[in-house]
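Good morning, and thank you for making time on the agenda.

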Amino acid sequence: ETNNIYDRIMCGSDQIWNKYNPFYYLRFVNDNKFKASYAPSFGRSKVSDYKSKRKKALERFDLISVREEQGKEIIKDLIGNDKEISIVSDPTLLLEKEEWKEISSPRFIDGEYIICYLLGDREENKRYCYDIAKKLNKSIFFIPVIYKQHDESDYIKDDIGPSEFLSLLRNASFICTDSFHGLIFSLLFEKNFVCLKRFEDKDKISQNSRIYSLAKELEITDMILNSEEQMNEILKRKLNYKEINNRINNYKSKLHRENFSKV
């Protein structure tokens, strides 16, 4: 039915190419239809599973874009240099701060607070969060990600949908996150924040690379916490969002002008 209705079909984004799923590789799309990707991610630095199936699927694409350099290298390894692989910004960066505010729900936590959005369950990162809350003398709240967290203290008990998620980040005094999108929304809402490592760098399933890639591009790699000593420097630092916003705009403009104007 989709083939009968549409001329151009696009897939994306987030980690749709992490595991092989033929639908996310547009295998259902007819050969004569224009097939494109916008900013998908493999979520890792290399793939070793379903390589032949990934290769056949990717070779059918008319236009491929990914959101990080590692993804580009993975595709080149799979299909060679026959196709141009573009790097584009994550779609969350396509909206401006004011547009995200319109989607955000009203504030529902009183007073100043630290919000922690951790996709991983590393005890070390939790300790960092509590230490930061103590140093800043502010209340601390965690957005629950793992089901068991609903019963733990300091975790938000209310239902958290997209608009509530935005509200919690938008109204926080400080953000602690190990999430790529937690980093992006910290920047969009111009917050003081710290980026924690969800994985050890040597971990085979590490997804730290996409955070490193964006942080390097925006010149904020020193906001990724590597040690207890560095924490004090991060807490004292006042981010210059005029400069950061200029870098974000230049980053988006460059990527979209040079790499994705063909669609």
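Helices (H or I, at least four residues) and strands (E, at least two) are DSSP runs here, numbered from the N terminus. What you see is a predicted model, in which local features need pLDDT of at least 70 and side-chain atom pairs count only at pLDDT 80 or more, while totals for chains, interfaces and linings use all residues. Residues are numbered from 1 along each chain as its sequence is written, and side-chain values use heavy atoms, with hydrogens and water left out.

Let me begin with the whole protein. It has 10 helices and 8 strands. Along the principal axes, its C-alpha atoms fill a box of roughly 60 × 40 × 40 Å. The radius of gyration is taken over C-alpha atoms, and the globule rule is 2.2 Å times the number of residues to the power 0.38. For 263 residues, a compact globule would have a radius near 18 Å; the protein has 20 Å, which agrees.

Buried means under 20% relative accessible area, exposed means over 50%, and partly exposed lies in between, using a 1.4 Å probe and protein chains only. By that rule, 49% of the 263 residues count as buried. A contact means heavy atoms within 4.5 Å. Among contacts between residues at least 6 apart in sequence, 69% join residues at least 24 apart.

Strand E1, residues 8–11, has a covered face made by Ile9 and Cys11, and an uncovered one made by Arg8 and Met10. In a regular strand the side chains alternate between the two faces of the sheet. Two strands pair if DSSP finds at least two bridges between them. E1 pairs with strand E2, residues 34–37, in the parallel sense over 4 bridges, and the partner of Ile9 in E2 is Lys35.

Leu26 has a positive phi of about 60° although it is not a glycine, and it is buried, with a relative accessible area of 3%. Most residues other than glycine have a negative phi, and most peptide bonds are trans. Asn137 also has a positive phi, of about 55°, and is not a glycine. Asn137 is found in the loop between helix H5 (123–136) and strand E6 (139–142), and is exposed, with a relative accessible area of 69%.

Next, helix H2, residues 51–59. Here Arg54, Ala57 and Leu58 are buried. They cover an arc of only 95° around the axis, which puts them on the same side of H2; the arc is that of the directions from the helix axis to the C-beta atoms. An α-helix has 3.6 residues a turn, so residues three or four places apart point the same way. The cover over the buried residues of H2 includes strand E3 (64–66) and helix H3 (69–79).

I come now to strand E7, residues 174–177. Phe174 and Cys176 point one way from E7, Ile175 and Thr177 point the other way, and all are buried. Strand E5, residues 113–117, runs parallel to E7 and is joined to it by 4 bridges, with Ile175 as the partner of Ile115. Another 4 bridges join E7 to strand E8 (residues 192–195), also parallel, and Phe174 is partnered by Asn192 in E8.

E7, H7 and E8 make a right-handed β-α-β unit. Right-handed means that, with the strands pointing away from the viewer, the path from the first strand over the helix to the second runs clockwise. Within helix H7, residues 180–188, sits Ser186. Is Ser186 buried or exposed? At 0% relative accessibility, Ser186 counts as buried. Not counting residues up to four places away in sequence, Ser186 touches Ile175, Thr177, Lys191, Phe193 and Tyr241.

Finally, the cysteines. A disulfide is taken as a pair of cysteine sulfur atoms within 2.5 Å, and the structure holds 0 of them. The cysteine sulfur closest to that of Cys129 belongs to Cys116, at 3.4 Å, too far for a bond. Cys129 is buried at 0% relative accessibility, and Cys11 is buried with a relative accessible area of 8%.
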